[in-house]
Amino acid sequence: MYEAKQMRYLKEIEKLSKQNHEKVVAWRRNFHRHPELSFEEFDTSDYIAAALSDMGYQVQKNIGGTGIIADLQGGGKGPAIAFRADMDALPILEETGLPFESEKAGLMHGCGHDGHMAVLLGTALLLSQMQSAIRGTIRFIFQPGEEANGGAKCVINDGALKKPDIEGIFGLHMMPDLPCGTIGIKAGHLSATDDEFLIRIHGRSAHSSEPEMGVNAVVVASHVVTALDSILSSNVGPFQVATFSICQIQGGEAINVIPDTVEMKGMIRCVEKGDKMKIRARMEELVEHTAKAFGGQGEIEFIPGFPSVNNDGRLTKMVIDAAEQVLEKKEDVYQIERPHLGSEDFAYYQEEIPGVMFMLGCAQEGQETGTLHSPILNINEDALLYGVEIFAAVAMSMCGK
């Protein structure tokens, strides 16, 4: 599918990415050393803005809170596309022992967002060096608050996909389960949509010597749990992907007092939004009627999470073509068979415009890499180079003159 123009750009991309790699690594290490939580990325935002300004970009700050937007304007008419990186860290006490370990106790870039930002800055630098060969508009979006269930919506509401109207958006996520020098990608659903839920069971308090005077909320809750255990087997088809988990139960304050209230919390994860709505409706029925059958009252509250990441087929093919040209061999592009049941707020962009997210392999060779959201996550920094090259190749395939 690659046109002749793209082949002309690949050698230049490879040369520039290697030339810029030390700077990209330095950016990543600075981000790692100075993590900030969701919507508190003030120093991170200032650092990114300064780096982009040094490249010659006009920077828009305070997008959706602490977000940053910068546009690369090409010569002549062409498409308007965007690349996105998330900026926030996690409340994790780091245990890597790296020389650039977090300097903020209890905070860590444990989900690879330090790498995401470095890749996007590296892409902005490389494409600025190829500006004369670009047409249209390439937008770089540095987004706050991915971990807080709201960052993508905030920057979208602040016009991140407008002026000009963005036609397609691309993102990546570090994936320590994949070897460095590979990517994982899938057209269609890549991740899950998730909701939190809170169930409250109300009984009637009494002394344990007079149980007939009360309604034991713990007993009622146990029957509700049993009833809810049938949710997936009775409401979701065997070929659909979904999970349902009750993860917290709290109730009672004394060993001789029948409790009048129990709270339960958990998560629903599905690929199809329709399955989630079906599960929600069935949960409401089971909670209400099971509690009533045992003399209590039940209520449930849902806290909506992200939609599913749903990759556009045409743009996914473009990313695959770019990756096959950048990586050592075509087999380094792994076709993911089934959606991952994690969630990602990149999905909010895809509700507005076509978009693609892929997983960037970052496993270490011969040493522990850790997993996402773990205190020992230590990505392979060679992955940054591949991320920059794939992003740049996609950009040039769409916006190259």
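## Pockets and sheets: exercises

Nine nonpolar, eight polar and seven charged residues make up the lining of the second largest pocket. The model is predicted: local features need pLDDT of at least 70 and side-chain atom pairs pLDDT 80 or more, while totals for chains, interfaces and linings use all residues. Residues are numbered from 1 along each chain as its sequence is written, and side-chain values use heavy atoms, without hydrogens and water.

**Exercise 1.** Describe the second largest pocket and state where it lies.

*Solution.* 
- Step 1: Its volume is about 350 Å³. (A pocket, on a 1 Å grid over the protein atoms alone, is an open set of points where a 1.4 Å probe fits, with protein on both sides within 12 Å along at least five of seven lines; lining residues have an atom within 4 Å of a point.)
- Step 2: The lining has 24 residues, and those closest to the centre are Thr 193, Lys 273, Pro 307, Ser 308 and Glu 351.
- Step 3: At least two lining residues come from each of α7 (273–293) and α9 (347–350). (Helices, of at least four residues in H or I, and strands, of at least two in E, are DSSP runs numbered from the N terminus.) The largest share, four residues, belongs to α7.
- Step 4: The second largest pocket lies between domain 1 (1–191 + 307–399) and domain 2 (193–305), because both give residues to its lining.

**Exercise 2.** Describe the largest pocket and find the element that gives the largest share of its lining.

*Solution.* 
- Step 1: The volume of the largest pocket is about 810 Å³.
- Step 2: Its lining counts 33 residues, with Arg 269, His 340, Gly 342, Ser 343 and Glu 344 nearest the centre.
- Step 3: Two or more lining residues are given by each of β5 (168–179), β8 (193–202), β12 (261–270), β13 (297–304) and β16. Strand β5 gives the largest share, five residues.
- Step 4: By class, 14 residues of this lining are nonpolar, ten are polar and nine are charged.
- Step 5: Domain 1 and domain 2 both contribute to the lining of the largest pocket, so this pocket lies between them.

**Exercise 3.** Characterise residues 197–292, to which UniProt assigns a domain feature.

*Solution.* 
- Step 1: The unreviewed UniProt entry names the feature "domain: Peptidase M20 dimerisation".
- Step 2: The end C-alpha atoms of residues 197–292 lie 20 Å apart. The span is 39% helix and 31% strand.

Terms used: UniProt positions renumbered as here; feature names shortened; annotations may be inferred. Points joined across faces, edges and corners; volume = space filled by probe spheres on them. Nonpolar A, V, L, I, M, F, W, Y, C, P; charged D, E, K, R; others polar. Domains from an automatic or database assignment.
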